[in-house]
Amino acid sequence: MSVRSSIAVLAVLAFVGLLTYGLVSKGTSNLELGDPAPDGPMPRLEGGGTASLADYRGRWVLVNFWASWCPPCRDEAPALEQFQRQHAGPRFTILGIASRDLSSDGLAFVREYGLTYPQLRDGDGSAADDYGTTGLPESFLIDPQGKVRLIARGPVDEEYLREEVAPLLPKARS
Amino acid sequence: MRLRPLLLALLPLAALAPAAVAAEDVTLAEIEREVMCPVCGTLLQLAEAPQAQRQKAFVSRLIEEGKSEQEIKDALVAEYGEEVLALPEGEGFNLSAYVVPIAAFVLAAIALAVAAVRWRRAGGGGGPDRPAAAGGPKGEDAERLDADLARYDL
């Protein structure tokens with residue numbers, strides 16, 4: 001193969017590689033049960049500073065992705081808050097993540113539903129992509145070792161929380 | 001001295017004047033053409049999703065506050081990240097979005113020019129002022145071609 005042909009082949013391969021990288025980098029992950037949950041830092045929705053799922057290692061955490069412009073997120077918010085009030089403690093918390101939402105709208109949402117669980121902000125949606133979300137809301141139950149134990153695509157309700165999430169949590173409320 | 005209360009009353013209006021001028025500098029339509037709806041993945045001007053409506057309201061609010069185009073874009077980036085910009089800022093790694101296409105165009109133009117020069121040197125550019133290429137008709141074929149051309153009075 002001549003030098004010119006080699007250069008042409010390399011150029012074509014580089015072009016195809018660039019396109020492949022573009023497709024792969026735009027794709028979302030496919031998080032499955034048992035996988036380690038992504039735990040990159042995010043800004044807090046309230047109070048400033050950053051936090052991450054890793055800060056809650058050793059506790060069960062129900063990570064809930066939501067946005068104020070999403071009607072099903074509004075539907076599930078009261079059930080989530082009620083569950084938090086019933087089960088929150090040193091061994092469990094809900095962790096809300098406002099995704100692709102304006103911080104002012106997110107704060108208004110938190111106030112409107114009186115949400116007491118901690119909230120992070122995922123403005124560019126990168127955390128939602130890391131979790132492989134395909135829409136909002138979605139919830140992920142993470143065990144104390146940081147592994148995914150439950151995935152709820154779509155809104156959760158009182159029944160789901162009672163029958164699917166609660167049985168996995170430590171019985172004694174500390 | 002009777003003017004003094006009047007001037008004091010007008011003072012807040014004077015403070016609003018720069019904001020009003022700045023607001024005229026940028027419109028919602030202009031911003032919509034240059035930023036993305038992060039949920040829809042399209043330009044904001046094409047998006048009708050609930051999130052896009054919130055984003056448009058946010059931009060309108062900033063325009064009313066007299067923010068400049070750059071300030072509005074900065075605010076959107078603070079909320080949604082760099083990907084909210086339809087065209088990335090021309091600095092750092094983002095500069096490649098502008099440099100790479102230009103470099104590719106220049107390289108392609110140089111490659112075409114080099115190829116054209118080589119093609120001409122090889123005798124591929126046979127025009128009316130040049131002898132026919134080596135691969136042209138010869139002998140009987142050339143005579144038949146001349147006869148045909150003469151018949152059609154070309």
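Reader: Let's take chain B. What share of its contacts with a separation of 6 or more comes from residues 24 or more positions apart?
Author: This is a predicted model. In chain B, 47% of the contacts with a separation of 6 or more are between residues 24 or more positions apart.

Reader: How many helices and strands does chain B have?
Author: Chain B has 6 helices and 2 strands. Along the sequence the pattern runs α-α-β-β-α-α-α-α.

Reader: And what percentage of chain B is buried?
Author: Of the 154 residues in chain B, 16% are buried.

Reader: What about confidence? What is the average pLDDT of chain B?
Author: The average is 80, and 69% of the residues in chain B score at least 70.

Reader: Where does it stay under 50?
Author: Over residues 16-23 of chain B. The model has 9 contacts beyond four places in sequence for that stretch.

Reader: What are the ipTM and pTM for the complex?
Author: The predictor gives an ipTM of 0.78 and a pTM of 0.69.

Reader: Switching topic. How many residues are in the largest nonpolar core?
Author: That core has 37 residues, and A:Val63, A:Ile97 and A:Ile142 have the most contacts inside it.

Reader: Which elements give two or more residues to this core?
Author: They belong to chain A: strands S3 (60-66), S4 (92-99) and S6 (138-142), along with helices H2 (71-87), H3 (103-113), H4 (126-130) and H5 (158-165). S3(A) supplies the largest share, 6 residues.

Reader: Why would nonpolar residues gather like that?
Author: As a general matter, nonpolar side chains in soluble globular proteins tend to be buried together.

Reader: Back to A:Ile142. Which residues is it in contact with, leaving aside neighbours within four places in sequence?
Author: A:Ile142 is in contact with A:Ala37, A:Leu53, A:Trp60, A:Val61, A:Val63, A:Lys147, A:Val148 and A:Arg149. Apart from the core described above lies another, of 16 residues, including B:Val35, B:Ala52, B:Leu62 and B:Val84.

Reader: Now the contact between the chains. How many residues does each chain put in?
Author: Chain B puts in 10 residues and chain A puts in 9 residues. On the side of chain B that touches chain A, helices H3 (50-64) and H4 (69-80) of chain B each give two or more residues. H3(B) gives the most, with 4 residues.

Reader: How does that side of chain B divide into nonpolar, polar and charged?
Author: The side of chain B that touches chain A has 5 nonpolar, 2 polar and 3 charged residues.

Methods. Residues are numbered from 1 along each chain as its sequence is written. Chains are lettered from A and ligands numbered from 1 in the order in which they are written. pLDDT is the predictor's confidence in each residue, from 0 to 100. Two residues are in contact if their C-beta atoms, placed from the backbone, lie within 7 Å. A nonpolar core is a set of buried Ala, Val, Leu, Ile, Met, Phe, Trp, Tyr and Cys residues joined through C-beta atoms within 7 Å. A residue is buried if 20 or more other C-beta atoms lie within 10 Å of its own, exposed if 12 or fewer, and partly exposed in between; C-beta atoms are placed from the backbone. Ala, Val, Leu, Ile, Met, Phe, Trp, Tyr, Cys and Pro count as nonpolar, Asp, Glu, Lys and Arg as charged, and the others, Gly among them, as polar.
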